[in-house]
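Please keep the sequence and the 3D view open while reading.

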Amino acid sequence: MAISVFDIFKVGIGPSSSHTVGPMRAAKIFAEELQVSGKLHLTKRLKVELYGSLGATGKGHGSPKAIMLGLLGEDPEAVDVCEISEQINHIRATEHISLLGNQKIRFTENTDLLLLRNETLPLHANGMVFTAYNREKKALDTRVYYSVGGGFVLDESAANIGMITKDQTELPYPFSTGEELLALTAKTGLSISSIMLENETAWHTREDVKVRLLTLSEVMNNCIDLGCQSEGILPGGLKVKRRAAHLYRKLKNLDSDNQDPLKVLDWVSLYALAVNEENAAGGRIVTAPTNGAAGIIPAVLRYYIRFCKGARDEDVVAFLLTAAAIGILYKENASISGAEVGCQGEVGSAYSMAAGALTEVLGGTPEQVENAAEIAMEHNLGLTCDPIGGLVQIPCIERNAMASIKAISAARMALRGDGKHFVSLDKVIKTMRETGKDMKEKYKETARGGLATNVIDVPINIIEC
């Protein structure tokens with residue numbers, strides 16, 4: 001299967017790629033399929049059922065709002081985040097919704113959008129069922145979708161055969177494992193980012209790829225800057241205070257005369273905190289590869305741009321291409337869904353991607369890049385996804401900050417070696433997949449285990465983002 005860098009990195013809204021972005025896309029797809037089949041104008045009622053992790057932590061992740069926005073025809077990349085509250089409040093107040101903006105039907109959230117926290121569909125923890133009914137209450141169409149992480153959405157037929165994407169594009173340098181990727185670099189003499197760039201030409205021109213990647217980088221940087229200026233309390237009921245703006249002012253005041261050799265790490269932590277606070281607030285971010293881990297790659301990239309000499313646009317492009325190559329390996333051979341394998345698949349994958357990307361732009365060989373990515377995941381194996389109250393706030397925000405710093409350490413460790421190491425990236429990805437399979441469900445984005453239950457007692461589905 002062919003996966004593009006723009007499948008790994010997508011502009012979306014917070015707080016979750018699998019619980020917000022994915023459901024929004026699924027709802028829009030369903031409404032569009034009704035329109036294509038000529039059933040939209042016959043639709044008088046909808047029923048939406050969210051299963052498993054979506055049902056358990058849906059409110060905390062904004063899943064109901066995302067479903068309603070998708071039914072309206074909104075897209076995660078283009079929706080005006082400033083208008084979301086008004087749109088949702090209107091639906092709730094009038095108990096009507098306009099499918100794709102032109103088919104008005106009665107819609108009562110409490111009865112038409114059900115969160116089935118104790119039931120799971122067979123193919124993935126993040127399952128959704130959409131059913132449309134006519135005036136006589138007869139079902140016109142029923143569709144099953146799965147949100148499999150990073151904003152990826154599969155219908156039931158694709159999920160049943162394990163398809164990541166239906167794209168059958170032939171790539172000049174196809175790879176599905178780290179071993180194959182390293183063999184390509186050895187055969188061609190190309191770097192990992194160059195292999196990725198050549199593959200992207202199957203869909204876009206080189207110039208278009210570079211422009212689009214720089215645009216993604218700009219969105220990441222804007223998210224950092226906005227997070228460094230925004231204050232207040234994050235939504236959801238935990239009353240978590242935003243810290244990035246205060247930390248930014250403090251670091252800015254200390255920066256000129258502070259001789260602490262580790263102050264750079266404080267800036268890295270700030271960058272990650274800023275992004276993840278924006279994500280938790282429902283702001284615009286880049287899935288990297290997921291929303292829950294969206295702060296790591298922007299933080300490490302900003303570190304490289306600001307603190308490493310000679311950063312150019314070409315380096316930014318190479319950074320994102322290399323990160324995406326590593327992300328593809330996780331997507332193809334394991335998972336980037338916290339509901340499926342725990343946070344090792346989200347923060348762990350992002351940490352691995354950032355470490356490998358930084359290694360390449362700092363002059364590392366392909367073998368050192370692979371080593372850095374392996375070091376990162378090796379020390380995240382078994383990381384649980386245990387958001388308190390189902391909100392992408394505690395421990396998620398700080399977890400991104402810590403992973404960003406460790407990604408830099410992993411890159412530096414790999415650069416001091418020769419790329420030879422005992423455990424391969426492929427082996428650690430395989431281990432991550434197996435670990436996720438063995439992990440108890442309560443540790444996989446259900447808010448029923450770990451910190452979610454041992455810190456404070458917050459009833460699931462009471463807190464809403």
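Of the 465 residues of the protein chain, 58% count as buried, where buried means under 20% relative accessible area, exposed over 50% and partly exposed in between (1.4 Å probe, protein chains only). The model is predicted, so local features need pLDDT of at least 70 and side-chain atom pairs count only at pLDDT 80 or more, while totals for chains, interfaces and linings use all residues. Residues are numbered from 1 along each chain as its sequence is written, and side-chain values use heavy atoms, with hydrogens and water left out.

**Overall build**

- The protein chain holds 20 helices and nine strands; helices (H or I, at least four residues) and strands (E, at least two) are DSSP runs, numbered from the N terminus.
- The radius of gyration is 22 Å, which agrees with the value near 23 Å that a compact globule of 465 residues would have. This radius is taken over C-alpha atoms, and the globule rule is 2.2 Å times the number of residues to the power 0.38.
- Along the principal axes, the C-alpha atoms fill a box of roughly 70 × 50 × 40 Å.
- Among contacts between residues at least 6 apart in sequence, 76% join residues at least 24 apart; contact means heavy atoms within 4.5 Å.

**Surface and charge**

- The protein chain exposes about 18900 Å², and carbon and sulfur atoms supply 50% of that area. Accessible areas come from the Shrake-Rupley method with a 1.4 Å probe, and for residues only the protein chains shown count as cover.
- The mean positions of the 49 positive and 56 negative charges lie 5 Å apart. Lys and Arg count as positive and Asp and Glu as negative, whereas His and the chain ends are not counted. The place of a charge is NZ of Lys, CZ of Arg, CG of Asp or CD of Glu.

**Backbone features in loops**

- Gly14 and Pro15 are joined by a cis peptide bond with omega of about 10°, and Pro15 sits in the loop between strand 1 (10–13) and helix 2 (17–36).
- Ala288 and Pro289 are joined by a cis peptide bond with omega of about -5°. Pro289 lies in the loop between strand 9 (284–287) and helix 13 (296–307).
- Glu95 is not a glycine, yet has a positive phi of about 55°. Glu95 is in the loop between helix 5 (84–94) and strand 3 (96–99) and is partly exposed, at a relative accessible area of 30%.
- Glu445, also not a glycine, has a positive phi of about 55°. The loop between helix 19 (425–438) and helix 20 (451–454) contains Glu445, which counts as buried at 4% relative accessibility.

**Strand 2 and its partners**

- Strand 2 (residues 45–51) is largely enclosed by the rest of the structure, because five of its seven residues are buried.
- Strand 2 runs antiparallel to strand 6 (residues 127–133), with six bridges joining them; two strands pair if DSSP finds at least two bridges between them. Val48 stands opposite Phe130 in strand 6.
- Strand 2 also pairs with strand 5 (residues 113–116), in the parallel sense and over four bridges. The bridge partner of Tyr51 in strand 5 is Leu116.

**Ala372 in helix 17**

- Ala372 belongs to helix 17 (residues 366–378) and counts as buried, at 0% relative accessibility.
- Not counting residues up to four places away in sequence, Ala372 touches Ala355, Gly356, Thr359, Ala410, Ala411 and Ala414.
- Ala372 and Val79 are 293 residues apart along the chain, and their C-alpha atoms are separated by 36 Å.
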